[in-house]
Amino acid sequence: MTKALTTRRTFLAATGALVATGATGLILPARAQGVAPTQSMRGGANNYLPGAPIVERIGGGGFWMTGTVRRAGDGAPLSGQRIQIWAHTTEGNERDPWSHGATLTNANGEFRLEMPQIVPTFGQPHGHLAYDDDEFRTVFLRPVMSSASDTSLSADFVLESA
Amino acid sequence: MSHAGTTGARRISFWLALLIAVVVPVVFAATSPLLAWRDPVYIVAGFAGVVAMVLLLFQPLLAAGQLPGVSGPRGRRVHRWVGGALVLAVVIHVGGLWVTSPPDVIDALLFASPTPFSAWGVIAMWAVFASALLAGLRRRLRPRHWRRAHTLLAAVIVVGSVVHAMLIEGTMETVSKTALCALVVVATVMAITKLRVWVKRAP
């Protein structure tokens, strides 16, 4: 006869093992769709001004915002997608219209836009990016710089059909 | 040296040390390079937060009568005034941040912010308001209940504020901020220990 015996020790060991494997990413949810769509980040849409113009660069430049845009599922790069960017920089705060600008992705689905140096605001040096057009679902990102002295920041989008 | 002389010297060195602990972080914050990129309202809001942290250092010292020359009933009276100033500083801090970036403050107040430090700050803010409210109702409470509740709120305020401040990359310089926060914690622990809040006393 087999007796199901769950002692505190086995329970803790099993739970610990589960947490450890989960934390290391060994347990992944089933992904029939392949590349999963990017979810909007908390606070990503804060101080968003829709319809930022496509610009050569925002203000005087000196800082690079870069990233990629791909399609959910097959992960194919998406060209010609408009990415809107804004941040608190040396030239203005997030709510100033001149702190906002947009750029288009190239054939490889990459974008890069020069902008003024991002400075810490509300406790962290961070930028905001938005994909907000009709073809795909809207995504707002809010990447944080690892150091305030960084002169670039990147963010990647995986978009799913609207 | 006479006994009075020693006490006087001790008194002066205590106040001098306290002054340095308070003035240095304030001066660093007032000369932060970040200020160049901030609007006046944002600067005032940030500074109100620094002032609040400074006031927080005085509160346990006043409560425990450890400030030379300001102990006893006088110390407690000053403690009440500083408490009022603390409420005002917190209101200016949060109000100024609201004007600077409403969505970020709404996120913080709703505990939906992407930055963990804001939740600690909001918890400390409510504890400050609750503490002030409780102080207003103090005469209607049993002394023991009042003392324990106020001490509990004070501990929440101190822990919340210190974690809040330490997680922020802002106008405060790191070393002086850490030193001020450490002093606030030490002063609070010492005050709670000295006042023996948990001890049952005869009415």
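This is a predicted model: local features need pLDDT of at least 70, side-chain atom pairs count only at pLDDT 80 or more; totals for chains, interfaces and linings use all residues.
**View 1. Helices α6 and α7 of chain B pack against each other.**
Here you can follow helix α6 (residues 143-167) of chain B beside helix α7 (residues 174-195) of chain B, with their axes 10 Å apart and an angle of about 165° between them. Angles over 145 degrees count as roughly antiparallel, so α6(B) and α7(B) are roughly antiparallel to each other. Their crossing is left-handed. On the α6(B) side, look for Thr151(B), Ala154(B), Ala155(B), Val158(B), Val162(B), Ala165(B) and Met166(B). They meet Lys177(B), Cys181(B), Val184(B), Val185(B), Thr188(B) and Ile192(B) in α7(B). By class, the residues of this contact are 10 nonpolar, 2 polar and 1 charged.

**View 2. Helix α2 of chain B crosses α7(B).**
Now meet helix α2 (residues 40-63) of chain B, whose axis comes within 8 Å of that of α7(B), at a crossing angle of roughly 20°. The two helices, α2(B) and α7(B), are therefore roughly parallel to each other. This crossing, too, is left-handed. From α2(B), the contact is made by residues including Met53(B), Leu56(B), Leu57(B) and Pro60(B). Among their partners in α7(B) are Leu180(B), Leu183(B), Val184(B) and Thr188(B). The contact of α2(B) with α7(B) has 13 nonpolar residues and 1 polar residue, with no charged ones.

**View 3. Chain A touches chain B.**
In this view, 17 residues of chain A are in contact with 15 residues of chain B. The chain A side of this contact has 6 nonpolar, 7 polar and 4 charged residues.

Key
Residues are numbered from 1 along each chain as its sequence is written. Chains are lettered from A and ligands numbered from 1 in the order in which they are written. Axes are lines fitted to C-alpha atoms, for helices over the stretch in contact, and angles run from 0 to 180 degrees between N-to-C directions. Helices (H or I, at least four residues) and strands (E, at least two) are DSSP runs, numbered from the N terminus. Angles under 35 degrees count as roughly parallel, over 145 as roughly antiparallel, 65 to 115 as roughly perpendicular and the rest as oblique. A crossing is left-handed if the near helix is turned anticlockwise from the far one by less than a right angle, and right-handed if clockwise. Two residues are in contact if their C-beta atoms, placed from the backbone, lie within 7 Å. Ala, Val, Leu, Ile, Met, Phe, Trp, Tyr, Cys and Pro count as nonpolar, Asp, Glu, Lys and Arg as charged, and the others, Gly among them, as polar.
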